[in-house]
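Good morning, and thank you for coming. Please look at the sequence and the structure together while I speak.

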Amino acid sequence: MTTRLPARVQVREERGVFVVVACGDFDADERDLLLSAWDEADARNLPVTVLDLSGVTFGDSLFLDSLLLARRRHAANRRLVLAGPLHRLVVLLLSVTGTLPHFETAASLTDALRDHTPT
């Protein structure tokens, strides 16, 4: 029997970037955590949102749907960057579904903030 890691989402603004840090296992029960983060990203309307997925250990199809929704909501005038390192199960989800190439990625939150801080 495997132990599920409780999902958590924290948001903050750092150097003009909206940062969303997600940790744990994400399935249908945790979808609202990410949807709330996207609502706050929309409200703040900063030019870049970095989603730190380095602590996410599992994501199901609704997790993927939440990521795709964020991508759509950012497409018009804001950038969305997924920061890793990504857990092998998250990479598998994004690779098998063919969605990984549709996301901008960074090796880490530090790299994302360094490379995407507005000037």
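I shall begin with the chain as a whole and then turn to one helix.

This is a predicted model, in which local features need pLDDT of at least 70 and side-chain atom pairs count only at pLDDT 80 or more, while totals for chains, interfaces and linings use all residues. Residues are numbered from 1 along each chain as its sequence is written, and side-chain values use heavy atoms, with hydrogens and water left out.

The chain has four helices and five strands; helices (H or I, at least four residues) and strands (E, at least two) are DSSP runs, numbered from the N terminus. Along the sequence, their order is β-β-α-β-α-β-α-β-α. The radius of gyration is 13 Å, close to the 14 Å that the globule rule gives for 119 residues, so the chain is as compact as a globular protein of that length. That radius is taken over C-alpha atoms, and the rule is 2.2 Å times the number of residues to the power 0.38.

Of the 119 residues, 44% are buried, where buried means under 20% relative accessible area and exposed over 50%, with partly exposed in between (1.4 Å probe, protein chains only).

Now to helix H4, residues 109-116: which of its residues are buried? They are Leu109, Ala112, Leu113 and His116. These residues lie on the same side of H4, because they cover an arc of only 95° around the axis, the arc being that of the directions from the helix axis to the C-beta atoms. The face turned away from that buried side carries the exposed residues Thr110 and Arg114.
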